[in-house]
Structure formats: C-alpha cells, structure tokens
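Please open the model in your viewer and keep the selection panel at hand. The stops below are given in the order in which they may be selected.

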Amino acid sequence: MNKDENKNMNRQNTQEEQEFFLQVQKQGEFKIQPCESVVGFNDKDRYEMLKLTKEQKMQVNELLQHVPMAAAAGAMAGAYTVSFPKGLPHTLLSLKQGGVGSQIIENGRIVGSASFHQMLGQTAVLGAFTAISVITGQFFLAQITKELHMINKKIDDILKFLYGEKKAELLSEVSFVKYACENYGHIMAHEQHRIATICSIQGAKKVAIKDVEFYMNDLYEKVNTHEKMNFQDLCNLIDRKIKHIRENLDLSLQLCLISSLMEVYYSENYEEEYINYVENDIKSYIKSSNKKMLESYGNLKGRLANCKVSGKEQQRVTEYMQEIEGAADSVDKNYQTLCDRLSDILHTTAKATEYYLTSNGNVYYKKSLPY
C-alpha cells in the first residue's frame, strides 16, 4: 500500500471515528469539546479538583485519546469541557442500555456497525464517565459529612457522651459509616464489596431509626417524670442527663441522614421517584423528631419556671432557661440546613453538570452548590 492510499485510509478512519463519537454523544446526551480559552482552575470558589486514583486518571486519559478532535489536531488540547444536560447518571444509564458492542443503535434500531477501534472508544467513554461519577460521589459524601458535626467527631469524643445499652451499637454503626464514606471510591470498584456495603448501610439506617426512638422516649420520660424534684435535682437532670440525651439523639438523627444518602450513592439508583421518596422520608422523620424534642424542651422550661428557688438561685434559673431556648432554636435551624444540603445533593444527579478534563488526567468539577 502506497503513501496516498495510507493517507486516504487514515482520513476515512478519522471521519468514521468522528461520526461514531458524535453518535455516542447523541445516545448518551453529553457534549465534549476543547476549551477555547484558558480556564482559571485556581479559583476554588468555582472549580473543585476531584481526587483520582492512578487507574482513574488512566481512564480519563484513555477517553481523551479517543476524542476525534484531539486526533485530528495531532495533539490533545490543554483542557476539554464535558457537559451533561440531564446529569452524569442519566448519560451512564443511556450508554449502558445502548450497550458496548459492534452495533450502533439509534432510537432502538441498529443503524450500523462499529470498528474495533470505535468499540474501544465507547468503552473508554463508559470507563471515564464511571470513574468521574464515583469520584464525584466521593466529593459530595465528604461535603455532607462535614456538615454533620456529630458524625464528624472523633471516636474518642463520641465515647464521652454515649451511654446506656445503645452505646456499643451506635458507636459501631457510626464507625462503619465513616469508613464507608471515606472509602467510597475504592469500594465502588469492586462489585461484591459494594453489594455487601449496601446491606450494611441499610442495617445502619435501621439502627439509627431505632436509636432515635429510644433517645426520644428517654428524653420525654426524663423531662416528664412524676418524681418530685427540687431545683438541685433539675440542675442535675439538665447537666448530667438532658445534654447527653440530646447529643445521642443528634448523632442518631445524623446517622439516619447520612446512611440514607449513602444508600442512594452506593446503589446508584437515581430514579426520580426514588430520590423524591428518600428526600420526603427523611424530611418527614426529622420534622416529627424535631416536634417531639421541642415539646420536651417546652415541658422542661415549665418545670423550671414552677420550681421554688431562692433569690441567689434565680440567676441560675435564667441561665438554664436561656440554654434551653438556645437548644430549642437550634433544633429547627440546624436540621433545616441539613435537609437543604441533602436535597441539593440528591437532586444534583439530575441537574445539568459540567466538568473539565485536562491533558494530564485531572478532572475539575464546576461548582453549582454553595460549598
């Protein structure tokens, strides 16, 4: 074969690859193109560099090597934008349903056959997008965990306020959830490990719900006890019991919230109806719990107000009243903020998203959430 024939064949292959890649983009409803201008990735408020493993970086580089625009130019551009109008999970689902094989499918019909090189190209797309989806999930789980101040505590600090028969059980589930959050990317790469982890996450959620009910009832019983209490008894109740119950209750509620979110990300179930169910279920549960907590705080204030105290003790009564009011105010405020965060992250999977891929294999996420 002479040089002219080689050139013609290469030109034909490049054209076929471009047509095939456009077909894959259409099927997956995404768009990838070189950046026309320099992007300020150093702007931490707008861009987040996602942490990739060596293998994930290789998958991103593999994708860029199959982008026809790069091949046509003879070299890769400095960076590419990849946009997903309906969210990355939607693209992954569409590509997986279309299958990776020798057939090109459009609107459910076979319209052509792909060469081996093109098959590798579609495999590269799936591999890179799957890697990006996993590291994005790791990023969001890390962000919401930062907001959960009780879950975020060190185990030694948690041990200081845990008490009663639920102590070992709750500590065990919190430790597991922290482990599963921090190792999300590694676990997702192994199917059997992922499935086992999902089962454990569901178990952690069940424990969290049981413990919320336990501590909620414990708070109610302690506040509404029929035992006669003088002012010192009430002081001891607030200092030694109520504060610890509240911390255990907060920890259990936050365990319920994070395990619900983790179940979505580990199962990769982003169906709209399911997402809405998870969101509404958590919000409803937290609303009910907050109502019970506020009722208990109200009753506790009533007992303090009706307690006979000396003039010297009145200042302490005022301080306790302010402390209880502050705790009550934080109930709605804190959990409304957490519910808003949860809602944002759950629905991000169905929102238009944009990433930047650089020639050295780095991936930057264009932020749309206020983190």
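Select helix α4 (88-98), which with seven residues gives the most to the lining of the second largest pocket. Helices (H or I, at least four residues) and strands (E, at least two) are DSSP runs, numbered from the N terminus. The model is predicted: local features need pLDDT of at least 70 and side-chain atom pairs count only at pLDDT 80 or more, while totals for chains, interfaces and linings use all residues. Residues are numbered from 1 along each chain as its sequence is written, and side-chain values use heavy atoms, with hydrogens and water left out.

Next, display the second largest pocket, with a volume of about 470 Å³. On a 1 Å grid over the protein atoms alone, a pocket is an open set of points where a 1.4 Å probe fits, with protein on both sides within 12 Å along at least five of seven lines; lining residues have an atom within 4 Å of a point. A volume is the space filled by probe spheres set on the points, which are joined across faces, edges and corners. Of the 20 lining residues, Pro89, His90, Leu93, Tyr270 and Glu271 are the closest to the centre of this pocket. Elements that give two or more residues to this lining are α4, α11 (272-306) and α12 (314-348).

Two or more lining residues come from each of β2, α2, α5 (116-147), α8 (184-188) and α9 (191-223). The largest share, ten residues, comes from α5.

Then select the five strands that form an open, antiparallel sheet in the order β1-β3-β6-β7-β2. Strands pair if DSSP finds at least two bridges between them. At the edges, β1 (31-34) and β2 (47-49) each pair on one side only. Within the sheet, six bridges join β3 (residues 79-84) to β6 (residues 353-358), and Tyr80 has Leu357 as its bridge partner in β6. Contact means heavy atoms within 4.5 Å.

Finally, centre the view on Thr81 in strand β3. Is Thr81 buried or exposed? Thr81 counts as buried because its relative accessibility is 12%, where buried means under 20% relative accessible area and exposed over 50%, with partly exposed in between (1.4 Å probe, protein chains only). Not counting residues up to four places away in sequence, Thr81 touches Lys31, Ile32, Gln33, Cys35, Tyr355 and Tyr356.
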